[in-house]
Amino acid sequence: MIPLLQSPLRGLTAAAVSALWLACGAAAAAPSHGLAMYGAPALPAGFDHLPYANPDAPKGGRIVYGESGSFDSLNPWILKGRAPWGMGQHVAETMMVRSIDEPFTLYGLLAQSVEVPPDRSWVEFTLRPEARFSDGSPVTVEDVIWSYETLGTEGHPRYRTAWARVRSITSPGPGRVRIDFTEPDRELPLLMALRPVLKKAQWQDRDFTASTMEPPIGSGPYVVGAVDPGRSITFRRNPDWWAKDLPLTRGTQNLDEIRYEYFGDAGIGFEAFKAGAVDVWRETNAAKWARDYDLPAIAAGEVVKEEIPHHRPSGITGLAFNTRLPVFADWRVREALTLAFNYGFINRTINAGDAPRIGSYFWNSDLAAPEGPLQGRAAELLAPFAADLPPGTLEGAPLPAGSDEPVNRGDMRRAVRLLSEAGWTVRDGVLKDAAGTPFGFEILLAQGAGEPGQVVDIYLQSLARLGIVPTVSTVDAAQYVLRTEAYDFGMAWYTRALSLSPGNEQRLYWGSEVAGEPGSRNWMGIRSPAVDRLIAHLGEATEPAEFTATVQALDRVLTAGRWVIPVWYSPVDRIAHKARLHHPDRLPLYGDWPGFLPDVWWSQ
């Protein structure tokens, strides 16, 4: 846990405190090479390279990934179409980039410096004059301002929440971009620093919101090479990349070619990996990791299995309830269906019992609410909402563990009681309400879902014992995206990775303001005043202890809301890869997180 900090201002007069803040403000507003959510960046100005990169890594070689599904667009910054993974990561750049060895710290990439006041009511970037797009043209202030305005007004909904809090974006001088916010927020300057910068001239007189197969012109280390729509895409390293000699990029972007091959489902992709057509495979299932990797290539030393430890929160994975539907509006119904989910038996059947269950949204970190009743500041933050919170929020109620047997009779009896209290009883073997309407809903799955499909098959047996027979619809990847973005489902398999620095993106995940907006990540339709207020307070917290208490309170409200039936997580990242692929011995805090593979790997 982060200890509560003793205030260094205790005992000072009001005038002395004011003078001290002014002095700190002058220092804080000075241009800097980096920006941290709290405190100072770990790396000093003039650092030699990122600690998890090998500055002597050789250049060359290639890597081939196997992805599930398809793609029909090369514009990843809009809602329409499906762009291939890696398009934004490899081709476009941002003003600053994240170090995955610190909770939330950015270092300047397109920006050579960043400046913020103590209250972070604005941020100012100074562009590197040497920054260039892949066609050789300079990255200008005009490109930056156009990109931010376009993404904020016409881009994917994920950009709009933060943009709504921008008062103005201007250029106070040559090479400088200043963004003023409608209200102070510690995180907003960092979020603005992570917006992609696109070439304005490429999009002139074109509809930015339209799907397109024209490769975007970016300033990143790679350019789009061969494209077979829906089947494969290749990115080629740009030998003239403007940033290749920056300390920030030393030992990164080492591979000459990055290729993504698309397959109908994960099972087909894994077979391609076993056949040698794919170079790297991430495995999420502990039982498969132990059972299915007895491969000749591993025995011959041509393929390596690695477990990369990490310190990330578990995030949330499982079956999400769409509470926009009346059938799931009552927390007692959601609790009953969670009790019917016999985790012990499902885990033993699918994972040989080896996978630990997600206990809350920020499980596996100090940001998780402690077990038992909430104490101290976290409880104080929830006190104004106590009357409207679901039972167990303040007291703490662990998730049902289930049993190794197919039926956990105790949990099923509790489920029946809760359903009865909510107005649902079994008649003629079918769960019905007082009007005789059967309890019905649809479970939506993607084709080739694999693990989720196995989970649902077992879960259906428990639901049948309650008189519930859902419809299970399996659709292709395109339909799955369309239907989940339109919230056209009863239950769906939901995964949301979370970081050690939650902030404004939480509005997109569970904020009331996006619950009715198509394409948001709030699949569950969460509308909670407590959640909204806690998310807002994340940006207001000025000390680590206050921030931690706020996240713990948010973690408890999300868990007690029974919006997702959680499954398992892994405290390690499992990667099988060709033996010619290497990474530094020094591993980052976040493990296998964007910025690690393929960014700091090399082929030799």
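Let's start at Arg-417, which counts as partly exposed at 49% relative accessibility (partly exposed lies between buried, under 20% relative accessible area, and exposed, over 50%, with a 1.4 Å probe and protein chains only). Arg-417 sits in helix α13 (helices are DSSP runs of H or I with at least four residues, strands are runs of E with at least two, and both are numbered from the N terminus).

Before going on, a word on what you're looking at: this is a predicted model, where local features need pLDDT of at least 70, side-chain atom pairs count only at pLDDT 80 or more, and totals for chains, interfaces and linings use all residues. Residues are numbered from 1 along each chain as its sequence is written, and side-chain values use heavy atoms, leaving out hydrogens and water.

Back to Arg-417: together with Arg-409, Arg-413 and Arg-465 it forms a positive surface patch. Such patches take residues with over 30% relative accessible area and no salt bridge, joining like charges within 9 Å (nonpolar side chains, namely Val, Leu, Ile, Met, Phe, Trp and Tyr, are joined within 5 Å). Helix α13 (residues 409–421) gives the patch its largest share, 3 residues.

Now for the charges that do find partners. Side chains of opposite charge can pair when their charged atoms come close. A search of the whole structure turns up 28 salt bridges, each being a side-chain nitrogen of Lys or Arg within 4 Å of a carboxyl oxygen of Asp or Glu.

Take Glu-335 and Arg-562, whose side chains meet in a salt bridge at 2.9 Å, N to O. This pair links distant parts of the chain, 227 residues apart: Glu-335 is in helix α10 (residues 331–339), while Arg-562 is in the loop between α18 (544–560) and β22 (564–566). Glu-335 counts as buried at 14% relative accessibility, and Arg-562 is buried too, with a relative accessible area of 12%.

Next, look at Asp-256 and Arg-237, which form a salt bridge at 2.6 Å, N to O. Asp-256 lies in the loop between β12 (232–237) and β13 (257–263) and Arg-237 in strand β12, so the pair ties together parts 19 residues apart in sequence. Asp-256 is partly exposed at 35%, and Arg-237 is partly exposed at 24%.

What about Arg-178 and Asp-180? Their closest N and O atoms are 2.9 Å apart in a salt bridge. Arg-178 is partly exposed, with a relative accessible area of 23%, whereas Asp-180 is buried at 17%. Finally, Arg-165, Glu-183 and Asp-185 are linked in a network of salt bridges.

Key
Areas by Shrake-Rupley, 256 points an atom, 1.4 Å probe, with all protein chains shown as cover. Lys, Arg positive; Asp, Glu negative; His and termini not counted. Charge placed at Lys NZ, Arg CZ, Asp CG, Glu CD.
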